[in-house]
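Hello,

Here is the structure I promised to pass on to you. Have a look at it first, and then read on for what turned up.

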Amino acid sequence: MKGGHSSRIWGRQSSFTVAALVITTIFFWAWEYNPLVISLLSAQEQFIMQTPEFWLGDSADSLVLTNPKEQLMEEDSVTQTAETKEDEKILEHSEIDVERENVLSTEEKVENGVSASLEKQDCNYGKGRWVADSRRPLYSGFGCKQWLSDMWACRLTQRTDFSYEGFRWQPNGCEMPEFRGEEFLRRMQDKTIAFIGDSLGRQQFQSLMCMASGGEENPNVENLEKKYGLVKPRGSIRPDGWAYRFPATNTTILYYWSASLCGIEPINATDPNTHFAMHLDRPPGFLKRFLPEFHVVVLNTGHHWNRGKLNANRWVMYADDRPVTDRHLAEMGRAKNHTLYSIARWLDSEIEARPELRVFMRTISPRHFAHGDWNTGGSCDNMSPLSKGAEVAGDDPSDPVVEGAVRGTRVKILDITALSELRDEGHISRYSIKASEGINDCLHWCLPGVPDTWNELIYAQL
């Protein structure tokens with residue numbers, strides 16, 4: 001009897017065990033194939049269940065949750081600046097340790113409205129070759145006096161070799177339409193294109209004004225500087241920018257000076273000698289205010305990111321509305337990266353609300369000082385075009401900092417660094433009208449010249 005009783009108990013236990021296994025199997029099968037089951041879990045439980053794709057590493061000891069805000073890397077190559085000591089060097093290039101594509105799955109990108117086509121483009125405008133073109137330049141350096149600063153118009157200087165004007169850029173696998181000012185204005189009818197950046201951005205703005213007008217005087221072009229508050233402050237050398245409207249097509253082209261792309265505001269507005277908060281995580285106030293009126297925005301920064309410039313401008317780094325005390329973030333390269341990352345994400349959210357908005361972040365324009373810097377005898381005496389070669393090949397980005405900042409966003413990269421690196425003969429060099437003896441300008445470009453190509457690349461993508 002005892003043995004029979006034990007057998008019955010064992011049988012019931014076995015039945016329960018088998019039933020439990022069957023029910024568990026059915027549950028996991030349903031969980032895998034039926035989203036409804038997952039929806040019954042709490043939000044926290046769902047996150048725990050679906051977390052593994054966000055982690056990198058094979059063992060528990062190596063698991064690190066990726067955070068895009070922690071991808072700020074110190075730039076690799078160093079650009080010497082006039083004002084600096086060793087710890088004041090500007091860092092120009094960096095690699096981002098963990099790419100945002102490793103964090104977001106393709107499905108998440110589609111849900112966020114970020115096209116997977118951002119990952120792979122058939123046409124890379126930054127790779128290609130320079131070719132001779134007898135139809136260049138696109139405008140006259142003599143005739144475009146209405147828009148072109150004398151200090152950048154090399155035809156007005158003592159320079160006698162202008163062979164640098166006779167080349168165009170041909171990207172690999174890309175259709176490059178011939179730039180025509182009238183066609184550009186037609187495409188930009190009832191639209192505004194805004195350049196926001198440093199003096200290289202101002203050069204690109206003046207270049208486009210000359211290209212759009214054909215380098216000819218146009219008395220019908222309307223000055224809109226008052227509309228945008230771009231008046232010359234008392235005691236200033238020049239206004240904070242310029243804005244012009246072509247009335248025939250209602251096309252506005254403007255430039256605003258923002259050397260850092262940060263939001264700048266006085267710490268004590270009542271003190272004429274106040275320092276200024278340089279908000280690394282805020283866009284320039286001008287851009288934030290007028291962005292709803294813009295249709296194309298071209299951003300650049302780079303050469304003002306050094307300790308000497310910050311001290312001269314009395315800029316104090318801020319983040320999260322507080323002075324930066326984190327020595328890691330206060331390093332110049334990381335501060336710049338933080339700014340580029342922040343403004344790219346902010347603009348990405350603006351493009352989501354306004355899909356017709358086009359934003360380009362231009363990579364850094366190369367300097368070509370040899371045997372010193374601008375104030376230590378540095379020069380760029382080469383007058384022979386393409387002495388460094390004519391072609392840019394390979395898949396590596398020419399400016400990893402900018403490339404990393406825009407990756408995963410709707411902000412496009414305007415990749416001009418490597419192609420411009422080949423054009424050292426195109427700088428103003430010693431021929432600037434306002435140059436002092438022994439001072440060479442191997443940063444800015446002769447116009448017409450290389451910045452015209454930067455605008456052609458924008459034109460090809462509009």
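This is a predicted model: local features need pLDDT of at least 70, side-chain atom pairs count only at pLDDT 80 or more; totals for chains, interfaces and linings use all residues.

What lines the largest cavity? There are 14 lining residues, and E165, F167, G449, D452 and T453 are the ones nearest its centre. Sorted by class, seven of the lining residues are nonpolar, two are polar and five are charged. Helix α13, spanning residues 450-461, contributes the most to this lining, with four residues.

As for the chain as a whole, 13 helices and 20 strands are assigned. Of its 462 residues, 48% are buried. Taking contacts between residues at least 6 apart in sequence, 75% link residues at least 24 apart. The chain exposes about 23800 Å², with carbon and sulfur atoms supplying 51% of that area.

Now for confidence. The average pLDDT of the protein chain is 80, and 73% of the residues score at least 70. Residues 6-10 have a pLDDT below 50, and this stretch makes zero contacts in the model beyond near neighbours in sequence. Residues 26-120 also stay under 50, yet the model gives them 138 contacts beyond four places in sequence.

Enjoy exploring it!

Best wishes

Definitions and conventions
Residues are numbered from 1 along each chain as its sequence is written. Side-chain values use heavy atoms; hydrogens and water are left out. On a 1 Å grid over the protein atoms alone, a cavity is a set of points where a 1.4 Å probe fits but cannot get out, and a pocket is an open set with protein on both sides within 12 Å along at least five of seven lines; lining residues have an atom within 4 Å of a point. Helices (H or I, at least four residues) and strands (E, at least two) are DSSP runs, numbered from the N terminus. Ala, Val, Leu, Ile, Met, Phe, Trp, Tyr, Cys and Pro count as nonpolar, Asp, Glu, Lys and Arg as charged, and the others, Gly among them, as polar. pLDDT is the predictor's confidence in each residue, from 0 to 100. Contact means heavy atoms within 4.5 Å. Buried means under 20% relative accessible area, exposed over 50%, partly exposed in between (1.4 Å probe, protein chains only). Accessible areas come from the Shrake-Rupley method with a 1.4 Å probe; for residues, only the protein chains shown count as cover.
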